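Here's a quick briefing on charges and how they pair up. Have a look at the model first, then we'll walk through it.

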Amino acid sequence: MRVLRGRADSPVADRDATAAMLERTAESGDPAVRAWRPHRQIAFGRRDSRSDDYDVAKRVARGCEFDPVERSVGGRAVAYTGNTVAFATAVPLADMRVGMDERYDEATRAIQRALWKLGVPARRGEPEASFCAGDYSLQCEGKLVGIAQRVRKNAALVSGVVVVRDREEIADVLDPVYAALGVPFDPDSVGSVADAGGTGDPDEVARTIEALLVGDRETEVVRVGEREDAASA
């Protein structure tokens with residue numbers, strides 16, 4: 001299994017690195033995992049981009065000093081402060097019409113176990129009016145994790161966000177952003193790993209998540225931006 005570490009120089013280049021990870025899995029049949037700290041940004045989903053007031057929401061994000069970007073995976077806007085962890089696992093597919101729920105379940109269980117290992121008794125579900133509301137979320141004193149999935153020919157990408165700390169800053173920017181989009185949002189629904197009794201170190205969270213997503217499979221580690229044929233085992 002290929003393991004990508006680090007981030008690219010810009011939010012756009014970083015998004016392209018994850019897209020390339022998925023593309024390589026589709027071509028080679030080799031699974032891949034990535035857990036990292038994205039740049040400070042608001043990542044808008046496709047439903048957000050179709051909103052009549054999408055431009056207003058982007059201006060709000062910029063006014064709060066968050067770069068607005070668009071992501072290909074579904075869901076609503078998510079805030080990354082620079083201390084927020086993202087994760088993604090790319091898996092090969094024989095048939096893109098089957099297995100979606102199983103992939104969601106596998107990823108959710110892995111992230112839940114990672115949080116348990118970090119001392120957070122996370123459970124399935126989310127508070128009402130949470131950010132990026134969905135069926136596959138984890139909570140503990142607020143929403144900690146949201147998970148989404150993108151399926152294409154020959155591969156699927158299951159990805160998500162983990163709020164490690166900065167819950168107030170995230171709530172403060174998402175409140176006006178969601179208001180601009182006309183989407184219900186309760187600032188008190190935001191939780192964090194640190195406030196739930198876990199670590200506030202995003203690098204520790206990322207490495208723990210990476211380990212649980214990889215499991216006992218052999219790895220080939222690649223730094224984002226490096227040539228993959230220069231990877232070290």
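Is D55 buried, exposed or partly exposed? D55 counts as partly exposed, because its relative accessibility is 48%. Keep in mind that this is a predicted model. A search of the whole structure turns up 12 salt bridges, and a few of them are picked out below.

**Salt bridges across the chain**
- R5 and E210 meet through their side chains in a salt bridge (2.6 Å, N to O).
- R5 sits in strand β1 (residues 2-5) and E210 in helix α6 (residues 202-214), so this pair ties together parts 205 residues apart in sequence.
- E210 is buried, at 7% relative accessible area, while R5 is partly exposed at 26%.
- Another salt bridge joins the side chains of R152 and E23 (2.5 Å, N to O).
- That pair links distant parts of the chain, with R152 in strand β9 (residues 143-152) and E23 in helix α1 (residues 11-28), 129 residues apart.

- D55 and K58 form a salt bridge through their side chains (3.6 Å, N to O).
- Both residues lie in helix α3, 3 residues apart, or about one turn of the helix.
- K58 counts as buried, since its relative accessibility is 19%.

**Charged patches on the surface**
- R46, R47, R50 and R150 gather into a patch of positive charge.
- R50 is in the loop between α2 and α3 and is exposed, with a relative accessible area of 62%.
- A patch of negative charge brings together E128, E168, D172, D175, D186 and D188.
- E128 lies in the loop between β7 (123-124) and β8 (137-139), and its 71% relative accessibility makes E128 exposed.

Note on methods:
Residues are numbered from 1 along each chain as its sequence is written. This is a predicted model: local features need pLDDT of at least 70, side-chain atom pairs count only at pLDDT 80 or more; totals for chains, interfaces and linings use all residues. Side-chain values use heavy atoms; hydrogens and water are left out. Patches are made of residues with over 30% relative accessible area and no salt bridge: like charges are joined within 9 Å, nonpolar side chains (Val, Leu, Ile, Met, Phe, Trp, Tyr) within 5 Å. Accessible areas come from the Shrake-Rupley method with a 1.4 Å probe; for residues, only the protein chains shown count as cover. A salt bridge is a side-chain nitrogen of Lys or Arg within 4 Å of a carboxyl oxygen of Asp or Glu. Lys and Arg count as positive and Asp and Glu as negative; His and the chain ends are not counted. The place of a charge is taken as NZ of Lys, CZ of Arg, CG of Asp or CD of Glu. Helices (H or I, at least four residues) and strands (E, at least two) are DSSP runs, numbered from the N terminus. Buried means under 20% relative accessible area, exposed over 50%, partly exposed in between (1.4 Å probe, protein chains only).
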